[in-house]
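Please read this briefing with the sequence and the structure side by side. The topics are listed in turn.

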Amino acid sequence: MAYAALSSLRHTLQKLLQPNQQLVCGSCIENQHVESAYQSLCALQVFLEDTTKEAKDIETVKILEKRITDVVYKAEDRVDSSLRSVILADNGDNRERACRSFFGELLEVEKEVDSLKKEVMWIEFNKHGFKSAEATTTSSSSRRYAAEHNTVVGAKDDFNIIVDRLTAQIDELIVITIVGMGGIGKSTLARKFYDDPYIRSRFDKHAWVTVSENYNEKQMLLEVVSSFTEINQEMSNDQLLELAYRCLKLSRFLIVIDDIWSIEAWDQMGRIFPNDHNKSRILLTTRLKYVADYASCPDFPPHDMSFLSSGDSWILFTERLFGKDPYPSQLEEIGKHIVKQCGGLPLSIIVVAGLLGKMEPTHDNWKKVEENLNSFFGTVSEQCQAILSLSYSYLPQHLKACFLYVGGFPKDMEIYVSKLTRLWIGEQFIKARCDKRLEIMAEEYLEELIDRSLILAGDRKANGRMKTCKIHDLLQQLCIREAQIENVVHVKNENVPIFSEGINYERRVIVPLDIHSKHYYCYRHGSGIISTICNLVFTSNAFDNYKLPCSVISHFELLKVLDVSSLRYDFSDVVPQLVHLRYVAAYIKEVPSLAKLWNLQTIILHRFTSRYLQLPLEIWTKTEIRHLIIRGLFIPNPLEAESHGEQPLFLNNLHKLYLYSSPFLAEILRRTPNLIKIEILRLNPVDWPAILDSVILLQQMETLLIEAAYDDRMILSRDFFLPNLNQLKLSATNLAWENMDVLANLPNLEVLKTIEAFKGTHWRLNEDVVFQRLKYLLLEWESLER
């Protein structure tokens, strides 16, 4: 994946260019080589972004991306390998030799990247080399689907909503949009309206235009005008536009614009439709929510197509397979189980019916299919890819790796957005912007994938922000296939050992827990090139029997993301060896040294022992850390860490922190001034006043959780004011109900949860004090009576 590869290597070089970096000993001349390679990588990223927007030949772009990916991945491996030697060397002659070797490798990398830049810039100079044949108005797959599969089953609510909009007694020209993932039935539903005699009778003129992914203005204009009059194929675009406008002027028309992919296409098309206040309508289908939002009228928001229910899925299946004939009752149970795997997607159901239609409908035949569902649905996926893969092919560069990464999560899993976005950041998929946090950018990436009908929104938090998301099974199959081709993620299954010989340069490996352990003892020399191992399954019954020796993980010397938090296994000795780690989530028995882990951004550690552990003092030197989530571990005194150096120590990039009460808790908070979310557990009430004074200084705080350890009464000062606080959870704090007035003064508080947080049976409300934005209030285990 070219864009992701460029981002990762660029990040490494950017760190080496920082002032006062102490990683490698370098002169100004050597820094110039780092700067040169860095600038070439930036130029290549810009080139990729521009090329994806402008090129019409997707295959040419893919070839180009593969060329960039191969060169940059190998360059990154060389840089990381030699840099690791520098980091692990002592401060004597070994380190000096390692630095010389590193800059020798860097010089070669600079030449390779510069040569690659010149190669692709030459392609940019010769942009006419991209194929620019006239685009047809519709892809063959889209036409075939529209022609063959025009049966509407279920979708009664969808049908009624659109009918109401088409027939609304509103004179204005209305644009009605239908949005949803490929294969969900948007075109089929639109065709149902277009062909309906009652609806057609309400309009004087009708036209169906299929835009598809390759928009061509002239072809579109020819298609519209030819619906009403004879045309001269040689007419210019301006002549056709004027003729189309005149044909529609003063007529009540129904125009269906099917499968539109861009705002620019709509802007060009919109010019031909006059608004004569005569109840004319435009019905538009798209996979892209932002296109639908843009084209829709304010009073008629985009209509999201829903998946079929299990009952409607079965009806569609039997109608496609048996027509009007009754289906054999002995096949119903097996058939419903097979159809359930389609996840309510009409395209998938139709393909399944087509495949089963090629065999005799006997119990034995269908039973064999049921027993081999993975193989069967692999065939289903292949037949659906022509339609679904378009959504992926036309993704912007910055979203491609993010989308493919989601394919590594287990089937049907509700994926926590916080975990997914942290992993994206750890993989360097998220492009930094000076005005937004990476976490906000990552959520925007996810929202964009949802708007493109590639990811499904799941549950939302009490404040409305996304909590979980998921991916449809067919799109997950697309992810896994494309990710393997583009070397983004390799999802291992029971038939493929984790260290297989088949793929050179694996970058990321995701290993489901329920695979038999024998596959994990294979070792292939040189497998250190893998940059990520993620274990994303939470299968508790696998914990006791699953064995993953630390010696195996330690062979992956260039690992950047290690997520083995599902395994209750001690990784204390492994973590310090993986010096390039950006993200680590694991269990530990002893506190690992973090001194040589120069690139850490996310630390998620769980203690694998009954005793409490304290992080090493060097945690205060890890200035890149963004998330510090520790269970059963304490953070050391920053003043003690500071006494070993000359500079004051602050973690200015830390945004999320879990803390246990300690004598120097207030000092820790003063050294982490940009916290966004903090959880303070087992707080000693004696420390409450000092903690409160420190918390008030955290003006960017959005989420705060405080859990007290004892029953002593606490007091909330009227000075307590956090302008950005959005969520607050208090537990066992024993506050007086009068302190609610203080909380009501928080201008952005939307979620308030309490668990035995207030003392007393009566809460006397002050009518002059009103919560300004509160959306969710939970009072749990309180003694409140009135």
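What is the bridge partner of tryptophan 208 in β3? The partner is valine 256. The model is predicted, so local features need pLDDT of at least 70, side-chain atom pairs count only at pLDDT 80 or more, and totals for chains, interfaces and linings use all residues. Residues are numbered from 1 along each chain as its sequence is written, and side-chain values use heavy atoms, with hydrogens and water left out.

**The sheet**

- Helices (H or I, at least four residues) and strands (E, at least two) are DSSP runs, numbered from the N terminus.
- Two strands pair if DSSP finds at least two bridges between them.
- An open sheet is formed by 5 strands with parallel pairing, in the order β2-β3-β4-β1-β5.
- β2 and β5 (303–304) each have a single partner strand and stand at the edges, so one side of each lacks a neighbour in the sheet.
- Strand β2 (residues 205–210) runs parallel to β3 (residues 253–258), and 6 bridges join them.
- Of the 6 residues of β2, 5 are buried (under 20% relative accessible area; exposed is over 50% and partly exposed in between, with a 1.4 Å probe and protein chains only).
- Strands β1 (residues 174–179) and β4 (residues 281–286) are also parallel, with 6 bridges; valine 175 has isoleucine 282 of β4 as its bridge partner.

**Two helices with a buried face**

- Helix α14 (residues 332–340) has Ile334, Gly335, Ile338 and Val339 as its buried residues.
- Seen down the axis of α14, these fall within an arc of 130 degrees, so they line one face of the helix (the arc is that of the directions from the helix axis to the C-beta atoms).
- The face of α14 turned away from the buried side carries the exposed residues Glu333 and Lys340.
- The buried residues of α14 pack against α13 (310–322), α15 (346–356), α16 (363–371) and α17 (373–393), where contact means heavy atoms within 4.5 Å.
- In helix α25 (residues 688–695), the buried residues are Trp688, Ile691, Leu692, Ser694 and Val695.
- The buried residues of α25 fall within an arc of 165 degrees seen down its axis, so they line one face of the helix.
- Their cover includes α24 (665–670), β19 (677–683) and β20 (703–708).

**Nonpolar cores**

- A nonpolar core is a set of buried Ala, Val, Leu, Ile, Met, Phe, Trp, Tyr and Cys residues joined through side-chain atoms within 4.5 Å.
- The largest core has 169 residues, and Ile68, Phe273, Phe317, Phe403, Trp424 and Ile430 touch the most other members.
- Helix α3 (residues 58–88) gives the largest share of this core, 10 residues.
- A second, separate core has 73 residues, among them Leu600, Ile635, Ala641 and Val695.

**Cysteines**

- The count of disulfides is 0, with a disulfide taken as a pair of cysteine sulfur atoms within 2.5 Å.
- The sulfur of cysteine 384 is 8.2 Å from the closest cysteine sulfur, in cysteine 342, which is too far for a bond.
- Cysteine 384 is buried, at a relative accessible area of 1%.

**Aromatic pairs**

- Rings of Phe, Tyr and Trp (its six-membered ring) pair if their centres lie within 6.5 Å; planes under 30 degrees apart count as stacked, over 60 as edge-to-face and the rest as tilted.
- The structure holds 18 aromatic pairs.
- Tyrosine 587 and phenylalanine 608 form an edge-to-face pair, 5.9 Å centre to centre with 70 degrees between the planes.
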